[in-house]
Amino acid sequence: MIPGFATAEGTARYRDRFPQLRDAGHFRRPQHVPGAGELWLASVGLGTYLGEPSEAVDRLYTEAIAEALRTGINVLDTAINYRHQRSERNIGAALRQVLDAGVRRDEVVVCTKAGYLSFDGDMPPDPRAYFMKEYVEPGLFKPDEVAGGMHCMAPKYLADQIERSRKNLGLETIDVFYVHNPESQLGAVPREEFRVRLKAAFEVLEKAVAAGKIRYYGTATWNAFRVLLSEQEGIDLADVVSLAREAGGEQHHFRFVQLPFNLGMPEAYALRNQHAGTEAGSPLEIAARLGVAAVGSATLYQGHLTRDLPPFIGERLGMATDSANAIQFARSAPGLACALIGMSGREHVRKNMEVATHPPTPQADWERLFASH
């Protein structure tokens, strides 16, 4: 497996390889984040969620990832359940290609997730029998630790998933490992039991950090931080950080959260549903106060924001197409470290990277657009 992990020196070296992008403000550091604050992250990252679990899509993703790494994207996002583990393997294949061609391991931030039960490569003929043989019989989880028939964050299960992800990616160390949509558990267990489970998950992730298997961890969410805390899936980020502190002490490694942010889902900036002490704020504001980097997902809302946007958005953001304006909106958000976009082809990468040659929209102008939006 490939040794190493993203470093301040490596990501700065990567940034300096693209002076036009660097000077346009494409790279930024989450300076408020202990430990990870010196990493230079591309403002646009590559996601690998969509697509059939087929060899044809494997080739497209591998080509897209390699192209991204060669042209200024150093943040890669995946999950073990994406396309039945194929997306992780595509990242591994692309990394082997580019590492032989000049890109170094310490320049790239590789992120993955676990929580959903995952098949291996293809859908098995009998999914229940597969999970029984693969996970239940070896004692990696008990049936009552699975929520909704598909979500698990039991410690032994997460430890197993880290090993599988390391193998799929071909990496000794994963830069960021997310517990995937932990709010899924809240439909099945009381909130206090949820907190017990999440703390136990963090304890095993702190052990993985100590063993050099991951560098940082976090939660990759869908509803958790963009709904009111009174709703079933609402989660208090400050409480999550307190659980990490209980699991890992003041030097804990819970340093990233992922949540949707786009023109159609603006809650991470607009909804003041989180708290730090007695102060209320948006998820982006509170994450910054708590020393956590916020990464935006669903930048194009699975293609819904690539057409038919109101004309005033293009007039104010100044990009040539609706998709480019949607990307510019997300990557310019105050407090967002990186905006993830699914890219399953070289042309997708090239088109999306055109936005990164432009400076982010100034905060005052962006906020005026947001107010009208």
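## Aromatic pairs in the model

In this predicted model, the count of aromatic pairs comes to 18. One of these pairs is formed by Y216 and F256, whose ring centres are 6.1 Å apart and whose planes stand at 50° to each other, an arrangement that is classed as tilted.

## A stacked pair

A second example is the pair of F261 and F329, where the distance from centre to centre is 5.5 Å and the angle between the planes is 10°. The pair counts as stacked because its angle of 10° falls under the cut-off of 30 degrees. Here too the pair links distant parts of the chain: F261 is found in the loop between β10 and α9 (267-270), while F329 is part of helix α12 (residues 322-331), and the two residues are 68 residues apart.

## A cluster of rings

Aromatic pairs can also join up into a group, and in this model ring pairs link F119, Y130, F131, Y135, F141 and Y157 into a cluster.

## Charges over rings

R15 lies over the face of W40, at a distance of 4.4 Å from the ring centre. In the other case, the charged end of R215 is placed over the ring of F5, 3.9 Å from the centre of that ring.

Terms used:
Residues numbered from 1 in each chain as written. Predicted model: local features only at pLDDT ≥ 70, side-chain atom pairs only at ≥ 80, totals over all residues. Heavy atoms only, no water. Phe/Tyr/Trp six-rings, centres within 6.5 Å; stacked < 30°, edge-to-face > 60°. Helix = DSSP H or I, 4+ residues; strand = E, 2+ residues; numbered from the N terminus. Lys NZ or Arg CZ within 6 Å of the ring centre and 35° of its normal.
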